[in-house]
Amino acid sequence: MRIKSSLALLLFAVTVQFIFNQSFAQIKPVNTAIVYNIVVTKNKHTGGLEETYNGGTKAIFVSNKKARIRLVSLMRIQSIFFDYDEAQLKKTTIIKESGKKKYLFRLTPAEWKLYNKKYDSLVCDTSFTDSMVVAGYPCRKAVITLEDEKQVNVFYTDSIHSVNAFIEPLFRCIPGTVLQYEFSSKKGTVLFKASEVSNHYIEPKIFTIPSKNVAVRKYYPNKKARREAEVTTEEDQ
Amino acid sequence: MADNSNNILKQLQQLEILPPAGAFEKAWQAIVQNELAAEGDIADAERIIFARLQEHELAAPPLDFSRIHKTTEQKINRIIPVYWLRAAAVLLLVAAGSILYFSVFRKNENSPAHYAGTGMVKDSAGEIAKNDTADSASRQTASVNTTPAVVATEVQQKKTIANNFVNKTKRNANANFSSGEGQLYENDVLLTLVNYKSQDWEAFFTKAVTEKRITLNKYSYHNLSDKMVELLQETYLTKNNGKPARKARKTSRKFEKWRKKDEKYFDKYLQKNPADIIDLSEFILKKN
């Protein structure tokens, strides 16, 4: 009898420990920071506008139900903030942080979907055997084909905890984290290549949306909606 | 009898016999000659000794370094023993190391960023957060208030330093611009680069053009191409009278034209995302 009760107690303790560990593992935030360098190559000599983005960086920060994409270039500094819960997007805020006219606009999940409607129909081909190492991670090639037949070549790794699909809708059919991607046309190539990947702690302040001297604007999914809204406003006045 | 003897003595006492003529002179001459002869011998002897000394050679003993070292060591040992010197050197090293550790590393460790966690992201992340808007000084103040009370004093110091830095950079063109986009004019990299004369951002411009890189923080930077460096330098070309050269005005107009294009494409209808590869490619490759 005593042996049975001891065994039961041991089993109970092990179960409690297991549940605790599992719960802790779930609430433990996943931190990811990826920095992509932007490289623009043009086939013909042009004015040079591309140089204002060539050499810039795009950084993605993900931590504890918050994410941020930040573009830094000569021409502009712009961020997209995401709030989500259990892989469900709650709110998106896009902010132009630089220049004399800084502004932000907020998008509902539906509006964010509309904002990225060009990626509604994607086809991902992951059957390639090509591989390369990007930022120290072995990556495999895939090709994403958009609805309008545009293609984006990507190199992805499954060694990194992948970011949520809504953060990068273009990569939602890629089974991993994309560390390099490029778009080419007759006129040239735009390449995003990861230079640094980190999973260290990310300061919560990085997910704070700046609001000083920033005008709040309204997003309209298309010109028609915008015109209609303007007409309604005039009638109200 | 006695009287006789006294008389004889008196007579003898009074007796005078003159020397032969010239005897005294002869005697004096002989004495002087003898003295001169003695002096001459001494001078000759000295001369001989001096000459011998001049010609004298002493053959040096063969070099014996071991003996020299031994002698030297013995002398040093006599002043400060070697083991004392070694101990002093170790103590000095330990003291220097401790000072460095406590003054530099411990300070960083106690910083708000370190309290929040470990790793490299937080530093830059903190910087990004701190410098999110054009007016970073106020944001820094805001962010500082949220830090733990334990580091309040240090944070206050940092805050003061930060504020002083901002004030200094506004006044002094040679200030350090290595960190913080908050120091940028309107938080805009290009605006800062092309307006440095009016805004005192010369140091920022010089650093950017020299290093061909603008670093806002670890994760936010822009590498300048040779072409862009050339264009940026062109904006500051002047004529002999100090006024902007034609090329400079032309380049400035070019930048302004690009900005308008960029704003029209991305800001007018808010339909395009500059961080999106397709939208960005369309703008850069097609519209340009």
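Hi everyone, let me begin with one residue: Arg259(B) has a relative accessibility of 10%, so it counts as buried, the cut-off being under 20%. Please keep in mind that this is a predicted model.

What does Arg259(B) pair with? Its side chain meets that of Asp188(B) in a salt bridge, 3.1 Å from N to O. Asp188(B) sits in the loop between helix 8 and helix 9 of chain B, while Arg259(B) belongs to helix 13, residues 246-266, so the bridge ties together parts 71 residues apart in sequence. Asp188(B) is buried too, at 1% relative accessibility.

Now to that loop's link with the other chain. Glu186(B) and Lys102(A) form a salt bridge through their side chains, at 3.0 Å from N to O. This pair crosses between chains: Glu186(B) is in the loop between helix 8 (152-171) and helix 9 (189-194) of chain B, and Lys102(A) is in the loop between strand 5 (88-96) and strand 6 (103-107) of chain A. Buried or partly exposed? Glu186(B) counts as partly exposed at 26%, whereas Lys102(A) is buried at 6%.

Here is another pair for you. Glu196(A) and Lys218(B) form a salt bridge, with the closest N and O atoms 3.6 Å apart. Glu196(A) lies in strand 12 of chain A, residues 188-198, and Lys218(B) in the loop between strand 1 (213-217) and strand 2 (220-223) of chain B, so this bridge joins two chains. Lys218(B) is partly exposed, with a relative accessible area of 36%.

There is also a network of salt bridges, which links Arg76(A), Lys96(A), Asp262(B), Glu263(B) and Asp267(B).

On the side of chain B that touches chain A, helix 14 (residues 277-286) gives the most, with 10 residues. By class, that side has 31 nonpolar, 17 polar and 21 charged residues.

Finally, the contact as a whole. Chain A brings 80 residues to it and chain B brings 69. Together the two chains bury about 6,400 Å², 60% of it on carbon and sulfur atoms.

Conventions:
Residues are numbered from 1 along each chain as its sequence is written. Chains are lettered from A and ligands numbered from 1 in the order in which they are written. This is a predicted model: local features need pLDDT of at least 70, side-chain atom pairs count only at pLDDT 80 or more; totals for chains, interfaces and linings use all residues. Side-chain values use heavy atoms; hydrogens and water are left out. Contact means heavy atoms within 4.5 Å. Buried area is the accessible area (1.4 Å probe) that two parts lose on being put together, summed over both. Helices (H or I, at least four residues) and strands (E, at least two) are DSSP runs, numbered from the N terminus. Ala, Val, Leu, Ile, Met, Phe, Trp, Tyr, Cys and Pro count as nonpolar, Asp, Glu, Lys and Arg as charged, and the others, Gly among them, as polar. A salt bridge is a side-chain nitrogen of Lys or Arg within 4 Å of a carboxyl oxygen of Asp or Glu. Buried means under 20% relative accessible area, exposed over 50%, partly exposed in between (1.4 Å probe, protein chains only).
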